[in-house]
Amino acid sequence: MSNSKQKSSKQKTSDTSQTVQKIRVGDSPIHGQGVFAQVDIKAGEVIERCPYLVIDDDDLAEENRLNDYLFTSPDAATDYLVIMGYGMMYNHSNDANAEWEIDDDNRFVRFSATKDIAAGDEIFQDYGEEYWKTRE
């Protein structure tokens, strides 16, 4: 009995190891590194769900490199989200093909496609006016 359970468990492990990643990080012709589709992604499809940490002004020095990667919280202008996963790696475009929002469970940031994205294409989000105003 115990041998069949072990065999079954090993089979499940090998099945999940063949899952294809939807996205990857790679060199971007736009800026540094970016996020790229590994498969075709349809408009409206979830690209990834990223956990996040909430920090506030007290957690930040006046200037530091992390400031360029923080998301302003939609709940409070003095709170910032430190996005995990590939969340900090999406580059900006005024013609973005993805957007983010806080997931329904309030524990993840959800990135979704706003238009069809072909395998190999870079995935962009619009950083918004506030991001650029703080860098003038």
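Analyst: A salt bridge here is a side-chain nitrogen of Lys or Arg within 4 Å of a carboxyl oxygen of Asp or Glu. The model is predicted.

User: Why is the contact of Arg-49 with Asp-105 called a salt bridge?

Analyst: The closest N and O atoms of Arg-49 and Asp-105 are 2.9 Å apart. The cut-off is 4 Å, so the pair counts. Arg-49 sits in strand β3 and Asp-105 in the loop between β7 and β8, 56 residues apart.

User: What makes Asp-103 buried or exposed?

Analyst: Its relative accessibility is 9%. Buried means under 20%, so Asp-103 is buried. Asp-103 also forms a salt bridge with Arg-49, with the closest N and O atoms 2.3 Å apart. Arg-49 lies in β3 and Asp-103 in the loop between β7 and β8, so this pair ties together parts 54 residues apart in sequence.

User: Why is Arg-49 called partly exposed?

Analyst: Arg-49 has a relative accessible area of 40%.

User: Which residues are linked with Arg-49 in a network of salt bridges?

Analyst: Glu-101, Asp-103, Asp-105 and Arg-110.

User: How do you know that Asp-95 and Lys-115 form a salt bridge?

Analyst: Their closest N and O atoms are 2.7 Å apart. That is within 4 Å, so the pair qualifies. Asp-95 is exposed at 55% relative accessible area, whereas Lys-115 is partly exposed at 31%.

Definitions and conventions: Residues are numbered from 1 along each chain as its sequence is written. This is a predicted model: local features need pLDDT of at least 70, side-chain atom pairs count only at pLDDT 80 or more; totals for chains, interfaces and linings use all residues. Side-chain values use heavy atoms; hydrogens and water are left out. Helices (H or I, at least four residues) and strands (E, at least two) are DSSP runs, numbered from the N terminus. Buried means under 20% relative accessible area, exposed over 50%, partly exposed in between (1.4 Å probe, protein chains only).
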